[in-house]
Amino acid sequence: MERSFSEEIRSLALGAGETFHGEGILAVTKALLQSGVSYVGGYQGAPVSHLLDVMVQARETMDELGVHVEACANEASAAAMLGASIMYPVRGAVTWKSVVGTNVASDALSNLASPGVIGGAMIVVGEDYGEGASVIQERTHAFAMKSGLWLLDPRPNLPTIVRMVERGFELSEASSTPVILELRIRACHVRGSFVASDNVRPKISTRELQSEPAAFDYDRLAHPPATFDHERAKYELRMPAARRYIVDAGLNERFDGDLGELGIVVQGGLYNNLVRALQTLGLADARGRSRIPILNLNVVYPLVPEQLSEFCAGKRAVLILEEGQPEFIEQEISSILRRAAVATPLHGKDLLPMAGEYTAEVILSGLARYLQQHAPELPREAGERALREIGELRARAADLLGGQVPARPPGFCTGCPERPVFAALKLVEQDLGRLHVSADIGCHSFATFAPFSFGQSILGYGMSLASSAGVRNFSAKRPIAIMGDGGFWHNGLLSGVTSALLNQADGVLVIMKNGYTSATGTQETISTPSSESRRVAEGTSATGNETTIESTLKGLGVKWLRTVDNYRVDDVRKTLHEALTSSFDGLKVVIADGECQLERQRRLKPLRARALKEGRRVVRTRFGVDEDTCTGDHSCIRLSGCPTLTVKTPADPLKVDPVAHVTNDCVGCGLCGEVAHAAVLCPSFWRAEIVTHPTRWERLRARVRAALFRALQPA
Amino acid sequence: MSAARPFSILIAALGGEGGGVLNDWIVQCALASGLPVQTTSVPGVAQRTGSTSYYVELMREPLGDDAQPVFALSPMPGAVDVVLASELVEAGRMVERGFVNPQRTTLIAASHRVYTTREKMQMGDGRSDDATIHAAARALAARYVSLDMASIAAAHGTVISAVMFGALAGAGALPWPRETCERVIRDGGIGVQSSLAGFSAAFDAAATGAAREALAAAGVERAARASPEMWAPLLATLPAPMREHAAHGVARLIDYQDGAYARLYVERLRRLADASGAAGTSGGADRASASTGAALADAARHLALWMSYEDVIRVADLKSRRSRVERIRAEARVRQDELLDVVDYLRPGLDEVAAILPRALGMRLRSRAQRRGTLDQPGPGLHLPATRLHGLLMLRLLAWLRPLRRRSLRFHEEQQAIERWLAALVRSLAAAPQFAAALAGLPRVLKGYGDTQRRGRASFARIFDTLVERSLGNADAPTPSDATELRQAIEAALAEPAGRELERALERAGVTPLPPAEKPIVWSRKPRNAPSTVVTSR
């Protein structure tokens, strides 16, 4: 795993009265233990990876509590895990990145929601929305509504988040319904503190075993005719129960202010940005006390009609702050008020944008419009000045900068084993012309950026091969599908490979075998090399002897299967060329083998440091460019894009264009040299092998050489 | 209302630079000082070398009755107190997004560049202009502190986050003393000594005016190989605009071939000077129009580079010098007690071999290779151990062929091409100085080795045969618009390798473009649904 959580693991053990300092998502982890969960599962993905990562690393603590932690193969298996709470009074929680993870899980979710649960069930989703998001922009809210799951959207401060986790389980049990807790990106990464309470040992657990299985009860199966009763129960029994609990436990917060004729209804997750907007208008103080009454919804589904009509009644107008589309909450509130014959005018998406993140700035402009219409007597100058200034600032900046700020999208790390494959693919295109490339989710999707710009479509995690099923039948050239081992195990094996085999499809699949789900923080998969083989491999690739993927494909009946060493660009190129042109009719799979460089460096660095300390012989390799033979064409960069392969102003006063240059962060993966060879670029690349603490023999040989060289070598 | 206002710090960094650590340090300091604090970030996939940001809010004094303030999760444009950037363009990005406010914001930014892929991959020079970004920063920041953070970090063997922390504290932006920061770094327990060293160096740099100096430090010191003294009188006969490049050119060509070759270079320059009507005195040069001056200077530069074209002999010579090993030792930071082994990646093709053979022999080899279609095929890839005896011998043997170069096939061909270009310059210098200035820059498209070089030659020939011939073919002299077209064609040729941009530029100039190079359509036997026709879209 990319990150070590030793510090965080200690804070998971904190007892009553002690103060927890840390990330929002880790506060959730601690809150789960304080809620006495029996089992936790999930699938990694920003921004919630840490929840599971820290628990996986905290195995001892979990065992000691009797909590079972499972790193699931995908979100569907995580969601299915919650099935345990249908028939047993055990609390369980699962986590994933939404909306994509929820899509994958939705079959299990529907079948879970229908019978409902007796033990508290919670789904912690990272709402990957707005700045920093890496997925399609959709709302989890829709899933909650269509399946009848309750949706919590807590105010982004740690005490509230923790309280919502703990109360969320009670809500789930009070209404026999699974609960979704959604946290936006910044809420997951917010660092704050809360006063901890003791962890609770689950009554039924890996240590307190259940002697008998639950009784057979057909009515608890998601199967007709039971499903018809479930549907009725959802809205006749469970939702009213949920609403009662929401009111009794005071899950939604009402903040009164002296301007009682106005009112704002806000999703809990947006509360802090709302307060900042109010502060800018001079309508709230530093500790958040607002002059305009606020109804803060920590539970955004279901809404409590009485609560809303009571809050809105008799006001001049109410503003609803709801991020994303469509405006589910606004629509529901308007029908609630209509039914209750409350005539208060409603505003929301008419004053604020339908799409995009609700930052303090966006909320401020909406608020200003709202006040202008319904409280023109209130001072708005401060806010409007702020907005004007922002506009002017941006205009001046754009003018001064004159487009001199290039975009900097994420890219492959230094020494990444996936980069050479795309370098080879570029060379193949030089021979065969442009190809249709079905891209996938994972680090390899960085190949959609410069200098590679590969990929006609991205259809989801592990979907690349499936998404070329249509294309390959009307394309003269074979399309090529790229998939990571993460995507392969998450979904690609079934959705892609078996489907292609079933249809005897004539496709090409490239599987990046780097050993981990690297993009999400190098979590382990079923084909991750064993810790022993990693120990032995030290700084070299450890994936070579791990053949789970190969044997799986052979077992399925894949006839055309090649494994290549990524860094041998010429071999990769030849293999891809063969796969694309071979007369073999059927699925052709190329396994591009090379361990994630992050993991290799993580092993290598301490080993090297120790060896140097102990004065043992250490060789470090790096590449470089002879600037006096480099002509500044930069073909090497167009084929690599390595962060350490960059440009610099030439020392030669006659040369016009910058020359290529390798920085000292180079890890010596060898790609530059290989590309220089494979593409017949230029003779400027050199490999330096630097020996620290050389042997006596080496030193002697070096002295002799030096003497000879002096005779032969000009200055 | 709103008495105490939260103090906000926005940190712009690149993924993997340890911005998270810096974040933690600030939080620890605030907690140690009993101040309410909150930080957020949006790492996600940006962790992988992309631009990312961290946002900190804190109160400069406690609210009292231990009430907790409500902090915002994202920075509000125009309302940030300190913007701290680990790289120059990232600083520019923050300015662009409106986070740097002249009424409020202290901008503390690294002055070094980490070039983006888009900037690096251009065939010419795609780098953003540092001066523009510095200017915008200076104009829009209430206070702009620019620091060479990369050098400070390197000098103290630490990471940039420690240096950024030092700069932040040194600029007096933090409501707690230096000691607090240093204590927190110590408690961190990892790389403490180097972190502290980097921290205090940056602290002092930011605290004293030293920081401002970083602004001046731009560009690299250029190691001008000065020409021998005895050449001075001869060079003095050239117009002023030529002299600097000519001096470097002479030195380069002596080093490349011999004195006679350098003299040929000066004679060629002389011809251009005479054609331009600019006399040898600097006074004469003044009379020459600006574009004549530019044309002469650029011609001197490109003629020198062209005459010292890189062939196998040259490469072998440059790679087998002592100075080269020294340079690598310095670049790779090889300590004296460490041993260095250098391996070169060479792959000369038949074409390169033919190039250095005597003309007749080279021609025969090439035409034979052409018949067999092996001309463009690369030779075997060599890993040449340049620091081993046999490796060095191989390189020196090649380098020793230098005297034979004058009789080699490529030498002959290059001289012909050069003469053709010079003739065109001579014809246009006096009549159409602007056109000549553009034409003088044409050899810039000649670059690289192997395919790259073939491509460059093709672009050169293509532009010369169309625009240049056309403009000089006319009875009346080339017009300024001819000059513009030529300039644009040169830029287009350097815009992308496939040469489509060039063809588009030529089309705009009224030249019928060439069709794109044919690519084979490879398609496989499809027994179940063999396509009746193959449609290719391009």
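Trainee: In β7(B), which residue is the bridge partner of Arg687(A)?

Mentor: This is a predicted model, where local features need pLDDT of at least 70, side-chain atom pairs count only at pLDDT 80 or more, and totals for chains, interfaces and linings use all residues; side-chain values use heavy atoms, without hydrogens and water. Residues are numbered from 1 along each chain as its sequence is written, chains are lettered from A and ligands numbered from 1 in the order written. Strand β26 (685-692) of chain A pairs with strand β7 (339-346) of chain B, antiparallel, over six bridges; pairing takes at least two DSSP bridges, and strands (E, at least two residues) and helices (H or I, at least four) are DSSP runs numbered from the N terminus. In β7(B), the partner of Arg687(A) is Val343(B).

Trainee: What angle does helix α23 of chain A make with β23(A)?

Mentor: Helix α23 (597-613) touches β23 and β26 of chain A (contact: heavy atoms within 4.5 Å). Axes are lines fitted to C-alpha atoms, for helices over the stretch in contact, and angles between N-to-C directions run from 0 to 180 degrees. With β23(A), the angle is about 115°.

Trainee: Which strands stand at the edges of the seven-strand sheet in chain A?

Mentor: That open sheet runs β3-β2-β4-β5-β7-β6-β12, with mixed pairing. Each edge strand has a single partner, so one side is left without a neighbour in the sheet. The edges are β3 (68-71) and β12 (299-301).

Trainee: In β4(A), which residue is the bridge partner of Tyr39(A)?

Mentor: Strands β2 (39-42) and β4 (92-98) of chain A run parallel, joined by four bridges. In β4(A), Tyr39(A) is partnered by Gly92(A).
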